[in-house]
Amino acid sequence: MKNQPTFIDLFSGIGGFRIGFEKSGFECLMSSEINDYCKKTYQNNFGESPLCDVTKIPLNDIPDHDVLTAGFPCQPFSICGKKRGFEDTRGTLFFHICEIINAKQPKVILLENVKHLIHHDSGNTLTVILNSLEELGYHVNFKLLNAKNFGMPQNRERIIIFATKEKPFNFSKCNFSQTESLETFLDDDDGDFEFLNKDEYTLIENPIVQKESGLMFVGYRNKAIWKTGIRENTEHLSRVHRQPNRIYSVQGTHPTIPSQESSGRFFIYLPNKDAVRKLTIKECYRIMGFPEDFKISESKSEAYKQVGNSVCIPMVTELATQILNQQLLSVNESQRITKKHKQLSFEFDFV
Ligand SMILES: C[S@@+](CC[C@H](N)C(=O)[O-])C[C@H]1O[C@@H](n2cnc3c(N)ncnc32)[C@H](O)[C@@H]1O
């Protein structure tokens with residue numbers, strides 16, 4: 001395509017950003033990923049291997065591009081990780097992104113991270129990120145977006161940060177679509193399913209759909225319990241509250257597929273069969289919006305980690321489309337902000 005808009009795919013993982021941006025008409029000029037398993041999956045799907053550690057790529061070797069995308073490592077900020085933020089060397093990777101931005105001046109920067117980034121270090125980490133981008137001469141805004149508002153049956157909240165040269169990204173222009181229940185995303189009946197025996201789980205009597213998340217908690221797996229410190233008659237709660245023990249109905253949405261889960265302990269309840277089974281790996285990729293022909297890693301544990309680390313594809317596709325629709329790639333010199341401390345525009349509301 002002539003005059004095709006371009007992007008670079010940093011911390012590319014298995015290429016979630018690439019699928020969404022290519023769908024919207026962008027051309028990928030470069031990708032970078034440090035993990036060999038991710039690189040292999042990426043190579044299998046896109047026919048090229050990402051470059052290595054982003055900090056080792058000379059700035060001069062990075063091609064000029066319109067959009068820089070980076071789902072930079074979230075473990076330092078994640079509620080599931082150790083929450084060390086910038087103290088962790090992976091957290092400081094953000095400052096390397098800033099060096100690339102300074103050198104290459106892309107028109108749009110799209111960063112994605114876990115929701116907890118907002119609260120990390122009482123909000124200071126996010127403030128540093130936003131201020132750093134602003135000091136580089138960008139309009140900066142952010143919003144929490146949820147996969148379930150992009151047609152996926154998954155309650156997956158992520159912070160999306162936009163830094164733009166032309167004018168601020170307008171989140172309210174995004175097309176949000178209704179959440180569908182998990183049951184319409186399941187494999188056909190003849191799949192290779194792992195059902196639980198009836199004595200392996202307990203169903204609660206009156207399951208309720210949690211309005212905010214759309215999850216329908218129906219029961220828990222009967223795992224051995226850790227008794228120390230547990231009050232009498234609350235033993236079952238210790239099972240219930242451990243995420244891998246919770247069972248959700250397919251009539252609701254699925255909880256976030258996390259990157260820490262390498263054995264796929266996601267259990268779903270099928271009311272029409274009155275049975276509980278594991279969500280298949282294929283179903284995990286489907287509820288992130290990956291295409292059916294996506295080549296999943298042959299290592300199951302890597303495949304689970306990779307999908308949990310990735311992005312909701314329909315959300316990325318919509319954001320990439322909006323970059324074009326909102327004409328954020330045609331920089332009008334008079335509107336460029338080069339001065340520090342322009343008012344940041346924050347959108348705290350949830351969709
Ligand atoms: C949150 S994941 C991003 C996943 C990606 N958005 C996707 O769709 O799969 C962060 C990725 O950054 C990679 N990473 C960590 N440090 C890196 C570095 N120094 N250079 C390049 N990639 C790195 C990790 O291996 C991981 O795959």
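The following legends describe close-up views of a predicted model.

Residues are numbered from 1 along each chain as its sequence is written, and side-chain values use heavy atoms, with hydrogens and water left out. In this predicted model, local features need pLDDT of at least 70 and side-chain atom pairs count only at pLDDT 80 or more, whereas totals for chains, interfaces and linings use all residues.

**View 1. Overall content of the protein.** The protein has 8 helices and 13 strands; helices (H or I, at least four residues) and strands (E, at least two) are DSSP runs, numbered from the N terminus. Of its 351 residues, 55% are buried, where buried means under 20% relative accessible area, exposed means over 50%, and partly exposed lies in between (1.4 Å probe, protein chains only). Contact means heavy atoms within 4.5 Å. Among contacts between residues at least 6 apart in sequence, 68% join residues at least 24 apart.

**View 2. The largest nonpolar core.** A nonpolar core is a set of buried Ala, Val, Leu, Ile, Met, Phe, Trp, Tyr and Cys residues joined through side-chain atoms within 4.5 Å. The largest one holds 51 residues, of which F21, F162, L279, F290, L319 and I323 touch the most other members. Elements that give two or more residues to this core include α1 (16–23), α2 (36–46), β7 (157–164) and α7 (300–309). Helix α8 provides the largest share, 6 residues. Because domain 1 (6–177 + 307–335) and domain 2 (182–298) both give residues to this core, it lies between them; the domain bounds come from an automatic or database domain assignment. In soluble globular proteins, nonpolar side chains tend to be buried together.

**View 3. Surroundings of I323.** Leaving aside neighbours within four places in sequence, I323 is in contact with F21, F26, V67, V108, F162, F169, L328 and L329. A second, separate core of 32 residues includes F11, V54, I57 and C98.

**View 4. Helix α3 and the residue that follows.** Helix α3 (residues 93–104) has 12 residues and should span 16 Å at 1.5 Å a residue; its end C-alpha atoms are 17 Å apart, which agrees. The expected span is 1.5 Å times one less than the number of residues in the helix. Residues L93, F94, H96, I97, C98, I100, I101 and K104 of α3 are buried. These buried residues pack against β1 (6–10), β3 (67–70), β4 and α4 (124–135). Q105 follows α3 and is found in the loop between α3 and β4. Although Q105 is not a glycine, its phi is positive, near 50 degrees. With a relative accessible area of 29%, Q105 is partly exposed.

**View 5. F11 in its loop.** F11 is placed in the loop between β1 and α1. Its phi is positive, about 50 degrees, although F11 is not a glycine. F11 counts as buried, at 15% relative accessibility.

View 6. Six strands form an open sheet of mixed pairing in the order β2-β1-β3-β4-β7-β5; two strands pair if DSSP finds at least two bridges between them. β2 (27–32) and β5 (139–146) stand at the edges with a single partner strand each, so one side of each is left without a neighbour in the sheet. From one strand to the next, the twist averages 20 degrees. Strands β1 and β2 run parallel and are joined by 5 bridges; the bridge partner of L10 in β2 is S32. Helix α4 lies across β4, β5 and β7, at about 20 degrees to β7. Axes are lines fitted to C-alpha atoms, for helices over the stretch in contact, and angles run from 0 to 180 degrees between N-to-C directions.
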